Amino acid sequence: MIIDDSRAMRSILRRIVTGLDFETSEAEHGQAALDQMRAGVVPDVCLVDWNMPVMDGYTFITEVRANPEWRDITLMMVTTESEQRQIVRALAAGAHEYVIKPFTPDAIVDKLSLLGLVPA
Amino acid sequence: MTTAVHEGPGSEDVLAVAEDVWMALLGEDGMLVPRAVPTGTPFDTAAWSAATTISGGWQGVVTVELAEALARRLTVRMLALPADQTATDSDVADAVGELVNMVGGNVKSLMPGPSTLSLPAVAAGRAAFARDAALACRVDLSWLDAPVRVSVHVPLGGPR
């Protein structure tokens, strides 16, 4: 699931991950993502922006991690938030990986590979 | 051409941020080239502009201004639109907003924190600034002969 308030960014990420044979769903903010997940669309991995209206990515991660039924979901932040403090916060809240925008397609592939979601 | 007036990020740092973002989004299409523009010259007309505000350990506003044609080309590229499809104004606003989000987020990382980054505000037209804001840094560039300007404004009297 790609969670970003920018359609353009969702489009870029969608092209990268569909090229890796992922099926995708999209949400424009954290609350919309949670709504989809509660309706049964439970993804293997979420690519999560930080700064979004309604519900930001950090809050989304804490909400996902508070639900034991979603413990197997892999969470990867994809954001411009590059302060060390923010990265530590996200990882402490339950994010598995962190990618700083702008990124290259290879950076996304490398992170997904590190997470064991695509072949190394 | 780069111009630095008040305390804020250095022009070279802002230029590096712009080049990184550009390379990631449009690098295959051409390079950003510095453009000589006299201080005080308004940005070219027929532009799109976007702004994001940094608040906290450092305060400032980062804006990106783009020529109309460039904004649309950026949008087509980011959305991977088919050749026979044109970007709507809504599409352009979305793409330009994401552009300033990336530039602003990386400028934020250059300055003292912790700080927060606002959601982008996008307009068709020139960016306007409050009277209590002062120019800290301005970088004028061109991409395939289309003008681009990245500016950083800080509260008058310097960062608070």
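This is a predicted model: local features need pLDDT of at least 70, side-chain atom pairs count only at pLDDT 80 or more; totals for chains, interfaces and linings use all residues.
Residues are numbered from 1 along each chain as its sequence is written, chains are lettered from A and ligands numbered from 1 in the order in which they are written, and side-chain values use heavy atoms, with hydrogens and water left out.

Rolling a probe the size of a water molecule over the atoms shows where empty space is left. The largest pocket has a volume of about 420 Å³. Here a pocket is an open set of points, on a 1 Å grid over the protein atoms alone, where a 1.4 Å probe fits and where protein lies on both sides within 12 Å along at least five of seven lines; lining residues have an atom within 4 Å of a point. Grid points are joined across faces, edges and corners, and the volume is the space filled by probe spheres set on the points. The lining consists of 18 residues, of which A:Ile12, A:Phe103, A:Pro105, B:Ala24 and B:Leu25 are the closest to the centre of the pocket. At least two lining residues are supplied by each of α1 (7-18) of chain A, α1 (11-26) of chain B and α2 (68-79) of chain B, and the largest share, five residues, comes from α1(B). Helices (H or I, at least four residues) and strands (E, at least two) are DSSP runs numbered from the N terminus. Sorted by class, the lining holds 12 nonpolar, two polar and four charged residues, where Ala, Val, Leu, Ile, Met, Phe, Trp, Tyr, Cys and Pro count as nonpolar, Asp, Glu, Lys and Arg as charged, and the others, Gly among them, as polar.

B:Val33 is found in strand β2 (residues 32-34) of chain B and is partly exposed, its relative accessibility being 41%; buried means under 20% relative accessible area, exposed over 50%, and partly exposed in between.

Several backbone features fall in loops. The peptide bond from A:Lys101 to A:Pro102 is cis, with omega near 0°, and A:Pro102 lies in the loop between β5 (97-100) and α5 (105-114) of chain A. A cis bond also joins B:Gly113 and B:Pro114, with omega about 0°, and B:Pro114 is placed in the loop between α3 (89-108) and β5 (115-117) of chain B. A positive phi in a residue other than glycine is found at A:Asp21, where the value is near 75°; A:Asp21 lies in the loop between α1 and β2 (26-27) of chain A and is exposed at 72% relative accessibility. A:Val54 likewise has a positive phi, near 70°, in the loop between β3 (45-48) and α3 (57-65) of chain A, and A:Val54 is exposed, with a relative accessible area of 67%.

Side chains of opposite charge can pair when their charged atoms come close. The structure holds 15 salt bridges over all chains, a salt bridge being a side-chain nitrogen of Lys or Arg within 4 Å of a carboxyl oxygen of Asp or Glu. One of them joins A:Arg14 and A:Glu26 (2.3 Å, N to O); A:Arg14 lies in helix α1 and A:Glu26 in strand β2 of chain A, so the pair ties together parts that are 12 residues apart in sequence. Another is formed by B:Lys108 and A:Glu81, with the closest N and O atoms 2.6 Å apart. This pair crosses between chains, from helix α3 of chain B to the loop between β4 (74-79) and α4 (84-93) of chain A. B:Lys108 is buried at 2% relative accessible area, and A:Glu81 is buried at 1%. Within helix α2 of chain B, B:Glu68 and B:Arg72 are four residues apart, about one helical turn, and form a salt bridge with the closest N and O atoms 2.6 Å apart. Finally, A:Asp4, A:Asp49, A:Lys101 and B:Glu98 are linked in a network of salt bridges.

Note on methods
Buried means under 20% relative accessible area, exposed over 50%, partly exposed in between (1.4 Å probe, protein chains only).
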